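Dear colleague,

Please find below the structure that I am handing over to you. My notes on what was found in it follow directly after.

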Amino acid sequence: MSGNELRRVRITAVHMPRLEWAVGREVSLPSAMLGSAAGSPGVTSLDLRVIPPPSLNGLAEDLRLRAAFTTQPPVSKKLPFNYQRVPPLLRSYIARQIGRRLRARRAEWSRYPDWPLDLSADFVNDWTSGDELLPSSSRAPALLTHDIESPEGLRNLVEMFLPVEEAAGARSTSYVVPAGWPLDHGLLREVIARGHDIGVHGYDHSNRTAFLDAEERQRRLTAGRQALAMYSPQGYRAPSLVRTAPLIDDLGRYYRYDSSIPTSGGPFPVFNNGCASVRPFRIGRTLEIPITMWRDGSVRFLGYQPSDIGEMWEQNARAVAAARGVVMLLTHCERRFSGNPEMLDAYRRFVDFVRTSPAFEWSTPARIAAAVR
Ligand SMILES: [Zn+2]
C-alpha cells in the first residue's frame with residue numbers, strides 16, 4: 001500500500017462558501033492524505049470545519065490526469081478490420097447487448113472516476129488552492145456539441161438539430177470526421193452560415209491516431225485539419241474519445257482547445273476513464289474542455305430510455321453549474337444515437353430547460369477557449 005490509492009469519502013460539511021457545492025457529494029482522495037488530514041485512512045466522511053486544508057500541491061492535477069488517458073486501445077482497435085465497416089445497426093445491437101451486461105457490473109468500471117459524475121479534482125482544487133481558469137460568472141456556460149460520423153449525421157444535424165438550437169438562441173459546435181466519407185461542403189457551409197461552428201473529429205474514425213508514432217500521428221492531424229481548414233476549426237475531439245498523452249499534447253499545436261476527455265467516462269471507451277473535473281484545464285500546451293455531461297451513446301448502450309435521459313441531463317447540468325463547471329453536452333446526430341424522434345424530443349426539452357433556467361447561459365467551446373487565454 002503506497003497510500004497513493006484512492007478512497008471514496010462523503011463530504012458532510014464545509015468551512016467556506018466556495019465549497020458549498022460539495023456538501024453531500026462523494027469524492028475520491030488518496031488514503032495517505034486521509035490518514036494525515038483526518039487521522040485515519042479508513043474514514044468514510046469528512047467534516048471540513050474541523051480539518052485544516054492540507055497543503056498538497058499537485059493533487060488536483062494528479063486527480064485530473066490519473067485516468068485521463070486511454071492507454072489501452074479499445075476493442076475495436078484490436079479487430080483486424082475497420083469496425084466502421086460493420087453495418088451500423090449491427091454495431092449498435094452488439095453495443096447494446098454489451099451495455100446491458102455492463103450496467104450490472106458498474107462497480108468494476110466506476111471505481112475512479114465515479115459514474116455518472118465525479119468532481120474529485122474540482123473539490124481538491126477548491127479545497128487546497130482556489131485558482132481556476134473559468135471567468136467568474138453567476139451562470140454556467142452551456143455548450144452544445146455533436147460528433148458527426150456520417151453523411152446521415154450531417155444531414156440530420158442541419159435538418160433536425162440546428163432548428164432546435166436556433167429556436168432557443170443557441171449555436172452548436174459539430175466535430176466532423178474529415179477523411180472517413182465524402183464531405184458535403186454545401187451542408188458544411190450552411191452550418192457555418194447559420195452561425196454554428198465546425199471542429200475536427202479525428203481523421204477517419206478508425207481509432208488509430210492516438211497510438212501511432214509521432215510522425216504518422218502528426219501526418220493524420222495535419223491532413224485532418226487541412227480537410228476542414230476552410231471552416232476555421234478551433235477545436236478537436238478524438239473519435240470514440242480514444243486519447244493518449246502524446247496525442248493530447250500534439251493537439252495544442254493544431255487547435256485552441258481539445259474536448260476529448262470526459263469528466264466520468266464510465267465503461268467507454270475503457271473502464272475507469274475520465275478527469276473528475278467539470279472545468280477547463282491545461283495539459284501541457286493543450287487547453288482541455290472536458291465532456292461533463294452523460295453521452296448519448298453511453299447511456300443508450302447502458303439501456304437507458306430516451307425519457308430517462310432528458311431527466312438525467314437536467315440533473316447533471318444542475319450539478320455541473322453548482323460546481324462552477326461548463327455544461328458540455330455531446331450528442332450524435334445519426335438516427336441510432338439521437339437523430340430519432342424520441343431522443344430529439346429529449347434533446348429539445350433539455351435545450352429548453354437550459355434556455356429558461358437562470359443557472360445557465362449559452363456559449364461555445366471556441367468562446368470558452370478565447371476567454372481562458
Ligand atoms: Zn465519433
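In these notes, helices (H or I, at least four residues) and strands (E, at least two) are DSSP runs, numbered from the N terminus. This is a predicted model, in which local features need pLDDT of at least 70 and side-chain atom pairs count only at pLDDT 80 or more, while totals for chains, interfaces and linings use all residues. Residues are numbered from 1 along each chain as its sequence is written, and side-chain values use heavy atoms, with hydrogens and water left out.

I begin with a loop residue. Thr70 is placed in the loop that lies between helix 2 (59-65) and helix 3 (75-78). Thr70 counts as buried because its relative accessibility is 1% (buried means under 20% relative accessible area, exposed over 50%, partly exposed in between, with a 1.4 Å probe and protein chains only). Leaving aside residues up to four places away in sequence, Thr70 touches Phe211, Leu241, Val242, Arg243, Thr244, Pro269 and Val270; contact means heavy atoms within 4.5 Å.

Finally, I turn to helix packing. Two packed helices are described by the angle between their axes and the distance between the axes. Axes are lines fitted to C-alpha atoms, for helices over the stretch in contact, and angles run from 0 to 180 degrees between N-to-C directions.

The axes of helix 7 (residues 151-167) and helix 13 (residues 341-356) cross at roughly 20 degrees and come within 10 Å. Helix 7 is therefore roughly parallel to helix 13 (angles under 35 degrees count as roughly parallel, over 145 as roughly antiparallel, 65 to 115 as roughly perpendicular and the rest as oblique). In this pair, Met160, Phe161, Val164 and Glu165 of helix 7 meet Leu344, Tyr347, Arg348 and Val351 of helix 13.

For helix 9 (residues 214-227) and helix 10 (residues 245-254), the axes come within 11 Å and cross at roughly 40 degrees. Helix 9 and helix 10 are therefore oblique to each other.

Yours sincerely
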